[in-house]
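Biologist: Could you take me through one spot in this model up close? I'd like to know what a single side chain is up to.

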2 protein chains.
Amino acid sequence: MATLRALPRITPRAILRPQCLYRRPNSSLAAPDASNPKLQQIDASKLTITKTTTPKELIPHDQLIFGRNFSDHMLSLEWTSTHGWLAPNITPYQNLSLDPATCVLHYAFEAFEGMKAYKDKSGNVRLFRPDMNMARLNKSVARIALPTFDGPAFIELIKQFCQLDSRFIPSARGYSLYLRPNMIGTQRTLGVGPPGSALLYLIASPVGPYYPTGFKAISLEATTYAVRAWPGGVGASKLGANYAPCIVPQMQAAARGFQQNLWLFEEVVDGRKEEYVTEVGTMNLFACIKDKKTGQPELVTAPLDGTILEGVVRDSILSLARERLVPEGWKVSERRFHMREVCEAAEEGRLMEVFGSGTAAVVSPVRSIGYNGGLISCGLPEDKEAGPVTQRMKDWIEGIQYGEEEGHPWSWKI
Amino acid sequence: MATLRALPRITPRAILRPQCLYRRPNSSLAAPDASNPKLQQIDASKLTITKTTTPKELIPHDQLIFGRNFSDHMLSLEWTSTHGWLAPNITPYQNLSLDPATCVLHYAFEAFEGMKAYKDKSGNVRLFRPDMNMARLNKSVARIALPTFDGPAFIELIKQFCQLDSRFIPSARGYSLYLRPNMIGTQRTLGVGPPGSALLYLIASPVGPYYPTGFKAISLEATTYAVRAWPGGVGASKLGANYAPCIVPQMQAAARGFQQNLWLFEEVVDGRKEEYVTEVGTMNLFACIKDKKTGQPELVTAPLDGTILEGVVRDSILSLARERLVPEGWKVSERRFHMREVCEAAEEGRLMEVFGSGTAAVVSPVRSIGYNGGLISCGLPEDKEAGPVTQRMKDWIEGIQYGEEEGHPWSWKI
């Protein structure tokens, strides 16, 4: 621990100068292992596999419920601050035995990812941009003093896991094996500090298409009485901490007939209170708006300013839009936009489409947004469930995920 | 689920009116059991006790570390959304067996309390304002869709637990049995929604005085690059979610020689950026400031505006100050105050004392605050570790906790 003696003291009558006399923190908040790269290493070659002796029966496709049933096995790795990552294990899916003082249960030392394994027409198993999930999980865990890890080595382990449990990956388009990597702090003490031990594990749940009967447009309620994230907070990280506080506003929206709530962020700009669109909590949000003057269509989503999750599908949509919509005359923007702009566009017939994006549904068309006591119609005709951009994005991304668009670098054949 | 059909639609060319056509949310966000009081009931008479067959050895007083060692038993109650709270159990302290998909491990469905059991000179066991802890825990759990519970019935169970494990309560002044009630969501699904089952449990750790050799003044680093809480967020609730994100800033402060960090909240007031003092993350903060004009001493702490924890010791200090310091000419204020005010008071010799308050240390004197590259001296002479108000508050509150101030309503003899 550094000493305070070297610092200038502000004593009575002394002047407080805004000098920078001690080292300013980095903008990237470092994990406890940051100073020792050895603590991040994973040796995938040391994997031990213990196969189940009681394989589960596969659940019929039409009975799959998201995150309710799991495959035969789980992958897990323990970490200690003295030894780093220990040898990985694949074991039968089983309960964790945790001391009631374990820090994950008290102080939310937990960060996770959502990703999927797909089966293509030839029966190959594929992952979609797993490098993005590894990078994000490393960023998330570092923010809460959990250990970072070697992403490529963990992907190697995920591949072996997927091979072993590949019978749980349904072959039909729209079906997949949802993969849930999760890291928890396992130190058994109530002292609030960086965990001296952690567990990184992965479980897998076979899932069907989010909308089994095709797209179904949803309605969102814009939430103004609660705030999900704040600049300087942890809203950009995939932490457990960001989820539990979102449930009650989501339940309240549901009680009023909305499928999800839309989180706004209020700010006074030029003396005027504006409510900025951020995200849905489980999805990022996109709007297609025609320019008031030129009529140019614009695909817009909130920027990565620390208050929204850095969605892998969000990033994919932006890339595809820049590659495939810009040549058609579209403008693609990551910029702040507020509800007044959305309302005005809706009133003037310039709001073409709104959709959410996320791993679960890929894209999710939005019919209307409840806001300030009214309902904003998002441009979808009454007899349609998805607009053309929403539909094309779904087709493009699923085409890549299921290997139909051959050789695309986002699809990793394993 | 309500239907959307009754709501007015904002269609192209329609005008968005800020009418209130659907029910506005309550300011108090309700728990899932709010509509059914039966789900909150606890029947303390149904308690079953299974005593340990391997009692632990008591740890010598000088080897006690906060939250590291636990008493022989634990108290636990399960809840389901269909049956409410099941019969309570006291069992030997033991591991929890949790499915790896349990929602507490992914979405931070967890809220806790910190309280203590004291042994007075006559050997009686005493609790300090346990009703405040129960009220706060109920508020915390409701905010994250965990079930609320009958506070007085749970206190009854805590009393029986303390009687059973009373040998773990050291008799010396300054020593106590730290009690940790904790509630976790136990539903085994990755779907993000209100947990259909929960576990409320209590574990206990014998603890020594926070400063075994008497007071020791600490130094705080004011954190400006990260934000703990914000209006409309959950900073006022004792949720796990509020703790993990605080560790890295705390580690960074420690690396620069500070014991804790002080969370500020920035706001522009009359065109000027002000950094308001909020809390320390593990403590509330008090300052004693002499009025610039009148010289009247003021005890000031941040108000309960949703961004700070509603500390039991904070509330106790305010009550005692109103009762015992106001007659001496003090002003007692719960109001917003910013770093510019603190700096100005320090520069002009008007900053008399600063201290933190919390269950662990009762009060914790602050020597200096690192801010903007300088160090604010908080009015403590170099050869002293605590100011007079800090010392008196400690004596008053400990006097009540240990039953030395007889018959005080805050001390519950069990």
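Which backbone atom does the side chain of A:Glu353 reach at 2.8 Å?

Modeller: That would be the backbone nitrogen of A:Val389. Bear in mind that this is a predicted model: local features need pLDDT of at least 70, side-chain atom pairs count only at pLDDT 80 or more, and totals for chains, interfaces and linings use all residues. Residues are numbered from 1 along each chain as its sequence is written, chains are lettered from A and ligands numbered from 1 in the order written, and side-chain values use heavy atoms, with hydrogens and water left out.

The side chain of A:Glu353 also makes a polar contact of 2.6 Å with that of A:Thr390. (A polar contact is a pair of N or O atoms within 3.5 Å; within protein, one must be able to donate a hydrogen and the other to accept it, and residues adjacent in sequence count only if both atoms are side-chain atoms.)

Beyond four places in sequence, the contacts of A:Glu353 (heavy atoms within 4.5 Å) include A:Phe286, A:Ala287, A:Cys288 and A:Cys378. A:Gly387 and A:Pro388 are among them too. With 5% relative accessibility, A:Glu353 counts as buried, meaning under 20% relative accessible area, with exposed over 50% and partly exposed in between (1.4 Å probe, protein chains only).

As for where A:Glu353 sits, that's strand E18 of chain A, residues 351–358; strands here are DSSP runs of at least two residues, numbered from the N terminus. And A:Ile203, 150 residues away along the chain, has its C-alpha 35 Å from that of A:Glu353.

Definitions and conventions. Helices (H or I, at least four residues) and strands (E, at least two) are DSSP runs, numbered from the N terminus.
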